[in-house]
Amino acid sequence: MFESLSDRLGKIFDGLRGRGALSEGDVDAALREVRRALIEADVSLEVVRAFVAQVRDRAVGAEVTRSVTPGQQVVKIVHDELVRVLGETAVPVDLAATPPVTIMMVGLQGSGKTTTTAKLAKRLKERQNKKLLLASLDTRRPAAQEQLRVLGEQVGVDTLAIVAGQTPVEIARRALREGRLGGYDVLILDTAGRTHVDEELMAETAEIKAVSDPHEILLVADALTGQDAINLARSFDQRVDLTGIVLTRVDGDGRGGAALSMRAATGKPIKLIATGEKLDALEDFHPSRIADRILGMGDIVSLVEKAAQHVSAEDAQKMAKKLKKGTFDLEDLRAQLLQMKKMGGMGSLMNLMPGMGQMKKAIAGANLDDKVFDRQIAIINSMTKKERANPDLLNASRRKRIAAGAGVEVSDVNKLMKQHRQMADMMKKVSKGGLGSLAGMFGGKLGGMMPGLGNMPDMANIDPRELERMARDMGIDPAALPQASPPKDLTDKLPTDVGQLLKSGPGLPGLGGAPRFPGLPGLGGGFVPKKK
């Protein structure tokens, strides 16, 4: 979703990182580009102005002018402000109330409320072992209630019986009664939507809220909404006082503006994001991780979490034993390919890995999509068990037979065998000689940089330019390296006044400052009165 914004910001910051000092003009020029990038990403102009003002206050202050690496410091400030706009910390769906806890789903027609309702139900049932009841209050859209019933069956969750002729408010009352009598932990109300915000929709939503007294009111919004996202969020928030936002179609080609605009306009947290069509494609929204992805820093925590969900401890132990022995057959390669597919494929994994932006573009340019995995798995499936265990059995005639069975060319089989041989060689080197042998595979580029591989340089005394050179030799972006602490004589000169260091402090409600942007609660703005 944030690819275009990430690419634009990456180019802007690449120009800043290489400079030894930044003037106010340099910062202003960079921020002009940041402003354009945000507007192109469909962030509301109101939010863009406030965001850039906050960044500029800090970027032209003592934080940057006295910094050892001013370019990196500007990137850090933009990262911090992005996190602040997106919501500081992750806020999960709150179920701390007397059961049945009522969750009300609101939003426009076509935003994905019904599917998201089923996804949320599946998540709560499987992860928190909750007993759920789903109720469709959509009496306008044809077969909307039937759709929720079918989805409920698919995820193994009860749905409220359909009674023809009842109004949404009557259905809500019946759902509450059924929820209490049936001993349910959670009741999710799927309300009707319209193609646009109108008074009839708002009045109906407010009436349902008054009857059901929901503990959570979640706005389900399409990530492709664009500039109108801020108006949509404000309209619902002023009438029903939202408790959170769920973004759908995050896996689409939306440019991310909705996420930044809605959070800033309402001050309400984005709680969940829908990352695909499947019913398990619903994730918690972590502001700091999303900010990392936008700025091309990767998201290792999410990558590890994905791996933990899709790789069992038993499989991991088996792989560890094989790694120790230095054996890696085609059955192992097949298992690795299947795991990568489960975790979202090459593109999804590269989004989570730091510094993989250029690599991902190169792969896209070479037309290496995730269908390559399917072809490779098909090739391995066409082999016998003996052939998988002992690839040396594959002579020319057998390779022709396998290619015919998998529906590919013999050259594809040969490529797979070469790939397997390289991986098997790497496993053997690691098992025999540890990291030292592995380093030799990279032409000795890691020599002297890792423990046990020769003399370890003293990082405290090394010339920063030399460190950058070594990083480039290793294929690492020098900007991704941890920054050294400033010299003592420089830290002695830093101002001690916290207000001077945090010039954007007055816009932070947590610091007791006056609101700078009254219309944007998410950026430290003041209280926005709700319409009754």
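This is a predicted model: local features need pLDDT of at least 70, side-chain atom pairs count only at pLDDT 80 or more; totals for chains, interfaces and linings use all residues.
Rolling a probe the size of a water molecule over the atoms shows where empty space is left. When the whole structure was searched in this way, two cavities of 30 Å³ or more were found. The largest cavity has a volume of about 90 Å³, and the residues that line this cavity are Leu134, Ala135, Ser136, Gln145, Leu148, Thr159, Leu160, Ala161, Ile162, Val163, Ile171 and Arg174. Strand E2 (132-136), helix H7 (144-155) and helix H8 (168-181) are the elements that give two or more residues to this lining, and the largest share, three residues, comes from E2. When the lining of the largest cavity is divided by class, eight residues are nonpolar, three are polar and one is charged.

The second largest cavity holds about 40 Å³ of space. Its lining consists of Leu38, Val43, Val47, Val48, Phe51, Leu82, Val85 and Leu260. At least two residues of this lining are supplied by each of helix H3 (45-59) and helix H5 (70-86), with H3 giving the most, namely three residues. By class, the lining of the second largest cavity has eight nonpolar residues, with no polar and no charged ones.

Two packed helices are described by the angle between their axes and the distance between the axes. For helix H2 (residues 24-40) and H3, the packing angle is about 155° and the axes lie 10 Å apart. Because angles over 145 degrees count as roughly antiparallel, H2 is described as roughly antiparallel to H3. The crossing of these two helices, H2 and H3, is right-handed. On the side of H2, the contact involves Glu24, Val27, Asp28, Leu31, Val34, Arg35, Leu38 and Ile39, and these residues meet Leu45, Val48, Phe51, Val52, Val55, Arg56 and Ala59 in H3. By class, the contact of H2 with H3 has eleven nonpolar residues and four charged residues, while no polar residue takes part. Two residues named in this contact, Leu38 of H2 and Val48 of H3, are also named in the lining of the second largest cavity.

The helix H8, which contributes to the lining of the largest cavity, packs with helix H9 (residues 199-212) at an angle of about 25°, and the axes of the two helices are 9 Å apart. Because angles under 35 degrees count as roughly parallel, H8 and H9 are placed in that class and are roughly parallel to each other. The crossing of H8 and H9 is right-handed. In this pair, Pro168, Val169, Ala172, Arg173 and Leu176 of H8 meet Glu204, Glu207, Ile208, Val211 and Ser212 of H9. The contact of H8 with H9 has, by class, six nonpolar residues, one polar residue and three charged residues.

A further pair is formed by helix H10 (residues 229-240) and helix H11 (residues 257-266), whose axes come within 8 Å and cross at roughly 35°. The crossing of H10 and H11 is right-handed. The residues of H10 that make this contact are Ala229, Ile230, Leu232, Ala233, Arg234 and Asp237, and those of H11 are Ala258, Ser261, Met262, Ala265 and Thr266. Divided by class, the residues of the contact of H10 with H11 are seven nonpolar, two polar and two charged.

Two features of the backbone were also noted in loops. A cis peptide bond, with omega of about -5°, joins Pro99 and Pro100, and Pro100 lies in the loop between H5 and strand E1 (101-106). Ala143 has a positive phi of about 65°, although this residue is not a glycine. The position of Ala143 is in the loop between E2 and H7, and both of these elements, E2 and H7, are among those that give two or more residues to the lining of the largest cavity.

Conventions
Residues are numbered from 1 along each chain as its sequence is written. Side-chain values use heavy atoms; hydrogens and water are left out. On a 1 Å grid over the protein atoms alone, a cavity is a set of points where a 1.4 Å probe fits but cannot get out, and a pocket is an open set with protein on both sides within 12 Å along at least five of seven lines; lining residues have an atom within 4 Å of a point. Grid points are joined across faces, edges and corners, and a volume is the space filled by probe spheres set on the points. Helices (H or I, at least four residues) and strands (E, at least two) are DSSP runs, numbered from the N terminus. Ala, Val, Leu, Ile, Met, Phe, Trp, Tyr, Cys and Pro count as nonpolar, Asp, Glu, Lys and Arg as charged, and the others, Gly among them, as polar. Axes are lines fitted to C-alpha atoms, for helices over the stretch in contact, and angles run from 0 to 180 degrees between N-to-C directions. Angles under 35 degrees count as roughly parallel, over 145 as roughly antiparallel, 65 to 115 as roughly perpendicular and the rest as oblique. A crossing is left-handed if the near helix is turned anticlockwise from the far one by less than a right angle, and right-handed if clockwise. Contact means heavy atoms within 4.5 Å.
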